[in-house]
Amino acid sequence: MTLDKLPIGETAVILAVGGEGDLRCHLLDMGLIPRTEVTVRKVAPLGDPLELYLRGYTMTLRKEDAARIEVRPVEEK
């Protein structure tokens, strides 16, 4: 599953970050690295961008970029 498909309010663990060159480096620099938990908090009215919560802060990410991030949903305990 990719991050752009994760429902609002759900948490997932990042498995892999795709993209090439500068884009991939930028995503990794923002903290979107494998084994990090990320939660989709909101989605803009037209579906782009997504508001994410990870590592204690909130960030926004374009849907196109979120589609390059493979995630695994976290099962509730």
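This report covers the salt bridges of a predicted model and the confidence of its chain.

Residues are numbered from 1 along each chain as its sequence is written. Because the model is predicted, local features need pLDDT of at least 70 and side-chain atom pairs count only at pLDDT 80 or more, while totals for chains, interfaces and linings use all residues; side-chain values use heavy atoms, with hydrogens and water left out.

The pLDDT (the predictor's confidence in each residue, from 0 to 100) has a mean of 89 over the chain, and 97% of the residues reach 70 or more.

Side chains of opposite charge can pair when their charged atoms come close. The structure holds 3 salt bridges, each a side-chain nitrogen of Lys or Arg within 4 Å of a carboxyl oxygen of Asp or Glu.

| Salt bridge | Closest N and O atoms |
|---|---|
| K5 with D4 | 3.6 Å |
| D65 with R62 | 3.1 Å |
| E64 with R68 | 3.8 Å |

Accessibility is given as relative accessible area: buried is under 20%, exposed over 50%, and partly exposed in between (1.4 Å probe, protein chains only). In the pair of K5 and D4, K5 is exposed at 55%, whereas D4 is buried at 13%. In the pair of D65 and R62, D65 is buried at 7% and R62 is partly exposed at 46%. R68, the partner of E64, is partly exposed at 33%.
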